[in-house]
Amino acid sequence: MDALSGLLEGPRARGAFMIRACFDPPWAVRVEDRAPLTVMLVARGEAWVLPDRGERTLLRAGDLAIARGPDPYTCADAPGTAPQALILPGQECRYPDGRPLNGSMDLGVRTWGDRLDGSTVMLIGTYPMQGEINGRLLDALPPLLALPSDVWDCPLTPYVSEEIVRDEPGQEVVLDRLLDLLVIAALRAWFARPEAAAPAWYRALADPVVGGVLRLLQDNPAHPWTVAALAAKAGVSRAALARRFTALVGEPPMAYLTGWRLALAADRLRDSEDTLDAVARRVGYGSAFALSTAFKRVYGVSPVEYRGRRA
């Protein structure tokens with residue numbers, strides 16, 4: 001599992017979902033759900049995304065935006081429109097005065113808003129929880145990024161529009177995968193732009209030597225890797241690999257592997273009921289004691305305490 005896939009692997013297990021939002025002007029929705037990642041794809045019409053801090057963005061048909069939480073924002077037909085609904089954590093929906101909406105804006109299968117054939121239609125996907133692995137990528141994103149259709153040509157839009165309103169067996173799995181594809185394609189397009197500050201490890205994946213080593217570490221963290229073994233796989237000397245890896249990634253190979261293993265362990269502790277021994281073996285530690293020692297050194301608490309706090 002590489003780190004871009006890891007962005008989605010944990011959140012999918014923790015309740016990622018998609019909806020279709022349909023509105024006629026004037027409309028505005030205030031979003032305070034604290035979700036770490038929300039994708040907004042305009043299928044018809046246009047919409048403003050208005051962060052409390054930062055630059056407001058107008059999205060037109062075919063444009064996509066990704067909002068990185070937990071900061072709140074408003075989506076509206078125009079910057080001055082007052083919100084008619086409030087989205088809170090757990091996707092609780094209320095009127096701005098605090099009264100529950102009680103389903104008054106439900107329009108059918110995964111559809112929400114004013115009217116089914118509203119002049120503005122947005123496809124919205126949300127990952128409601130952040131883990132240590134996906135945090136490595138999310139931390140590199142701005143609070144709000146936008147990809148206009150002239151630089152972002154995604155063939156998934158009509159297919160997602162069609163699938164999001166279907167109510168068939170296995171449909172949630174289909175939508176999960178479509179949302180994952182949409183996010184990965186968007187992030188690839190974003191990080192390819194000159195103004196995007198891609199993390200060092202992401203840029204290093206393109207290196208013919210370091211990229212292969214990163215994939216070995218990410219795909220098989222439980223293997224008893226050494227710099228010598230990695231250098232042999234890469235076809236270079238140990239010294240050459242250590243220099244090149246550190247220069248491109250910002251830390252030596254074994255330090256990167258330790259961080260990757262512990263991030264995997266942290267997410268496993270939160271997302272599963274595996275024993276500490278099982279988690280240790282899964283991420284490459286010989287015993288629960290060895291994992292606990294390394295984990296506490298980095299996170300400041302024991303794995304048991306971490307699991308208890310994150311429950």
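**Notebook: a pocket and a helix pair**

I looked up the second largest pocket and found about 350 Å³ of space in it. A pocket here is an open set of points on a 1 Å grid over the protein atoms alone, with protein on both sides within 12 Å along at least five of seven lines. Its volume is the space filled by probe spheres set on the points, which are joined across faces, edges and corners.

The model is predicted: local features need pLDDT of at least 70, side-chain atom pairs count only at pLDDT 80 or more, and totals for chains, interfaces and linings use all residues. Residues are numbered from 1 along each chain as its sequence is written, and side-chain values use heavy atoms, without hydrogens and water.

I then listed the lining (residues with an atom within 4 Å of a point). There are 22 lining residues, and I19, I87, Q91, W112 and I124 are the closest to the pocket's centre. Strand β1 (17-23) is among those supplying at least two residues. β1 gives the most, with 4. Strands are DSSP runs of E, at least two residues; helices are runs of H or I, at least four.

Next I checked helices α3 (residues 156-163) and α4 (residues 171-191). Their axes, lines fitted to C-alpha atoms over the stretch in contact, come within 11 Å and cross at roughly 155 degrees. Angles run from 0 to 180 degrees between N-to-C directions. That makes α3 roughly antiparallel to α4, a label for angles over 145. Contact means heavy atoms within 4.5 Å. On α3, L156, Y159, V160 and E163 make the contact. Among their partners on α4 are Q171 and V174.

How values were computed: Angles under 35 degrees count as roughly parallel, over 145 as roughly antiparallel, 65 to 115 as roughly perpendicular and the rest as oblique. On a 1 Å grid over the protein atoms alone, a cavity is a set of points where a 1.4 Å probe fits but cannot get out, and a pocket is an open set with protein on both sides within 12 Å along at least five of seven lines; lining residues have an atom within 4 Å of a point.
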